[in-house]
Amino acid sequence: MHTLPQQLANGLFLGSMYGLIAIGYTMVYGIVQLINFAHGEIFMTGGFGALTVYFYVLPDGTSMWIALPAMLIGGGLIAVLIAVGAERFAYRPLRGAPRLAPLITAIGLSLGLQQVVFNFYPDAKTDRTFPQLGTESFNIGSVHIQSGQLFIIIAAPICMAALGFFVRLSRTGRAMQATAQDPDTAQLMGIDTNRIIVIAFAIGGLFAAVAAVAYGLRYGQIKYDMGFQMGLKAFTAAVLGGIGNIYGAMLGGVVLGVAETLATAYIDGIPGMQQLGGGSWAPVWAFVLLILVLLLRPQGLLGERVADRA
Amino acid sequence: MRHRSLLILTTVLTTGALTLTACGSRDDDKGSDSGSKTTVVIGVDAPLTGQNSATGLGIQYGVQIAVDDANKKNLVPGVTFKVKALDDKAVPASGQQNATALVANKDVLGVVGPLNSGVATQMQQVFDTAGLVQISPSNTAPELTQGKNWQSKKERPYKTYFRTATTDALQGGFAADYAYNTLKKRKVFIVDDKQTYGAGLAKLFKQNFKKAGGKVTAEDHISVGDTDFSSLVTKVKNSGADLFYYGGQYDESEKITKQLKDGGVDIPLFGGDGMFSDTYIETAGKPSEGDLVTSVGVPVTTLPAAKEFIATYKAKKYPGDYGTYGGYSYDAATAIIKAIGNVVKDGKVPSDARTKIVDEVQKTKFDGIAGPVAFDEYGDTTNKQLTVYQVVKGKWKAVKSGTYNAG
């Protein structure tokens with residue numbers, strides 16, 4: 001079992017990425033009770049936005065120290081624009097309509113965004129290589145960390161802390177909490193709920209873009225359909241943590257990532273379980289975990305029991 | 001009122017006249033022996049977008065060049081060849097749909113493809129029922145030509161199926177032999193992607209590596225489309241293996257090798273022809289240095305006959321990797337074109353053309369650009385050459401060519 005610290009770290013890196021995307025699902029759900037199934041594609045466009053900045057805006061051979069912030073800004077900008085645009089043109093007209101209507105728009109939007117990138121982004125029909133931070137790596141104890149992973153370890157806590165402060169301390173953050181609790185009353189109290197909803201979408205998009213850059217740095221390439229699987233996992237993480245709760249989203253992501261990694265690493269070592277272990281079974285165990293949590297604690301790990309809503 | 005009826009009358013007359021002329025010209029097409037030519041379509045099925053598409057495009061344009069050459073040289077008098085390329089996205093069900101579409105098109109007299117063995121298993125029946133010849137430049141799963149029980153009793157399941165690539169039975173053994181005897185590797189970690197091709201290849205490598213005296217430290221499986229292999233990397237690191245063997249395509253292995261080396265595991269990754277792609281090196285970057293693959297045939301660049309092909313491919317700026325199967329696709333298309341030449345005389349396509357073409361392909365024997373082209377009683381190529389390639393300074397370099405005796 002001396003590989004355990006390394007496997008836990010592997011799970012933590014993967015889970016932080018899920019968590020950052022899950023924030024987008026959870027905030028939007030918390031405020032408008034809408035599952036934005038196009039969020040995986042917003043994550044994907046964030047990645048392509050960052051790639052565009054690196055390959056088509058910055059001069060060749062720009063140092064990553066300058067390029068990385070620029071890519072984050074570019075990717076964030078694109079993802080936020082698309083998230084806010086989606087809210088304005090796909091979801092707002094349907095607000096108040098039966099739940100199923102915005103869900104169908106979300107799926108349509110998700111397929112649409114994929115196809116637009118697939119057909120119109122240069123060479124997006126095959127995988128696009130993503131710029132790398134370098135191949136340096138270092139050890140903390142028995143844990144080996146590579147520079148591509150460094151970004152996510154630093155970015156995820158910073159993003160979380162910033163969001164926590166924003167929601168708890170700023171005027172807008174408090175308005176968000178109020179809207180989440182009861183949008184009608186919040187509006188009567190003079191809160192511009194439309195503005196709050198737009199901000200929720202924008203923050204979700206921004207975090208998704210950070211996750212997309214982390215994804216590119218870690219795996220070396222991005223592609224048009226990368227949002228599907230990551231989006232599904234992040235949605236699972238959001239539900240696992242208690243949908244609507246931002247800390248829950250992060251916790252759910254980490255739990256999911258660690259569970260997947262440990263399942264891959266150790267389940268085939270248990271006698272009689274050889275057939276059920278290995279890398280290809282990881283998603284199965286992730287969903288087994290989700291079912292277990294939902295059976296035992298339907299509101300999710302950090303969710304509150306809400307009687308009259310959801 | 002008068003004006004309107006006049007208008008209708010004119011419209012009816014014009015339409016009628018146009019229809020008649022169109023019919024007439026179509027009749028002329030069939031009737032005349034010289035002048036306008038008959039169009040014959042060569043179908044292509046390969047992944048042209050998404051997974052494996054770099055290799056798939058190499059197949060499409062390999063066939064395109066063969067067809068252009070045939071038209072230019074007027075190889076079959078009275079016939080103009082055209083290519084119809086369909087995208088199977090490396091998905092078996094799409095391959096089957098494409099096969100059905102190609103069979104339904106009466107102008108299609110032969111098909112080149114698919115790239116993936118798993119896709120081929122879903123296409124063979126469709127082509128066999130229609131009696132349409134299919135030549136794959138790249139399928140290597142043994143059961144496609146020799147039946148499910150090929151190890152004990154060889155039996156050809158479909159007489160319309162041929163291939164210009166040799167099988168994994170030889171490829172897996174050739175790789176195991178090279179790993180054990182040349183690289184002196186003793187402990188291997190084997191991973192596959194559970195597809196017909198990947199799992200089959202990994203199994204054959206395992207059998208032969210064990211037979212040679214090597215040890216398999218552990219095995220694992222991944223899924224197509226996976227991106228995070230950090231857990232696997234930690235397992236490999238802990239296993240003490242000195243070689244990593246992968247059965248599958250470049251889409252996953254380029255990520256595995258990167259994460260393996262980034263994770264501090266400094267052992268080479270060895271794979272099959274599904275990994276032999278320039279994209280592999282471009283994506284993995286430096287970590288791919290020293291990795292190995294086996295591929296069918298000898299390197300196209302060393303064959304004098306392929307010089308013109310490579311020059312054309314580069315001049316036309318076609319996308320995709322011609323290196324892996326471009327030459328074989330060219331030869332596969334040429335075999336079909338030659339067979340058509342023996343069946344279609346003066347542009348007249350006989351009613352049983354498809355069946356006759358299958359028989360002609362079976363009898364084919366000529367020197368292709370990637371070596372001699374001929375098929376044995378199972379539809380397998382008689383050219384059993386294989387080559388080991390290694391990444392040296394960011395390029396695939398042929399390190400050993402030869403053939404493996406599976407006996």
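Visitor: What makes helix α2 of chain B largely enclosed by the rest of the structure?

Guide: Buried means under 20% relative accessible area, with exposed over 50% and partly exposed in between (1.4 Å probe, protein chains only). In α2(B), 16 of the 20 residues are buried, so the helix is largely enclosed. Keep in mind that this is a predicted model, where local features need pLDDT of at least 70, side-chain atom pairs count only at pLDDT 80 or more, and totals for chains, interfaces and linings use all residues. Residues are numbered from 1 along each chain as written, chains are lettered from A and ligands numbered from 1 in written order, and side-chain values use heavy atoms, without hydrogens and water.

Visitor: How do you know that the span of α2(B) agrees with its number of residues?

Guide: Helices (H or I, at least four residues) and strands (E, at least two) are DSSP runs, numbered from the N terminus. The expected span is 1.5 Å times one less than the number of residues. For residues 53-72 of chain B that gives 28 Å, and the end C-alpha atoms are 28 Å apart, so the two agree. After α2(B) comes B:Asn74, with a positive phi near 50°.

Visitor: Why is β2-β1-β3-β4-β5 of chain B called an open sheet with parallel pairing?

Guide: Two strands pair if DSSP finds at least two bridges between them. Strands β1 (residues 38-46) and β3 (residues 108-112) of chain B run parallel and are joined by four bridges, so they count as a pair under that rule. One of the bridges has B:Val44 with B:Val112 as its partner in β3(B). The five strands of chain B form an open sheet, and its edge strands, β2 (79-87) and β5 (161-163) of chain B, each pair on one side only.

Visitor: What makes helix α3 of chain B a helix that packs on this sheet?

Guide: Contact means heavy atoms within 4.5 Å. Helix α3 (residues 92-104) of chain B touches β1, β2 and β3 of chain B, and its direction makes about 155° with that of β2(B). Axes are lines fitted to C-alpha atoms, for helices over the stretch in contact, and angles run from 0 to 180 degrees between N-to-C directions. Helix α4 (residues 117-130) of chain B packs on the sheet too, at about 160° to β4(B).

Visitor: What is the strand order in the sheet of seven strands, and which are its edge strands?

Guide: The order is β7-β6-β8-β9-β10-β13-β14 in chain B, an open sheet with mixed pairing. Its edges are β7 (215-221) and β14 (395-402) of chain B, each pairing on one side only. The twist from one strand to the next averages 25°. Within it, β6 (residues 187-192) and β8 (residues 243-247) of chain B are parallel over five bridges, including the one from B:Val191 to B:Tyr246. Helix α7 (residues 196-212) of chain B lies across β6, β7 and β8 of chain B, at about 165° to β6(B).

Visitor: How do you know that chain B and chain A bury area between them?

Guide: Buried area is the accessible area (1.4 Å probe) that two parts lose on being put together, summed over both. For these chains the value is about 2400 Å², with carbon and sulfur atoms giving 47%. B:Ser231, B:Thr234 and B:Asp262 lose the most in chain B, together 20% of what that side buries. In terms of contact, 29 residues of chain B meet 31 residues of chain A.
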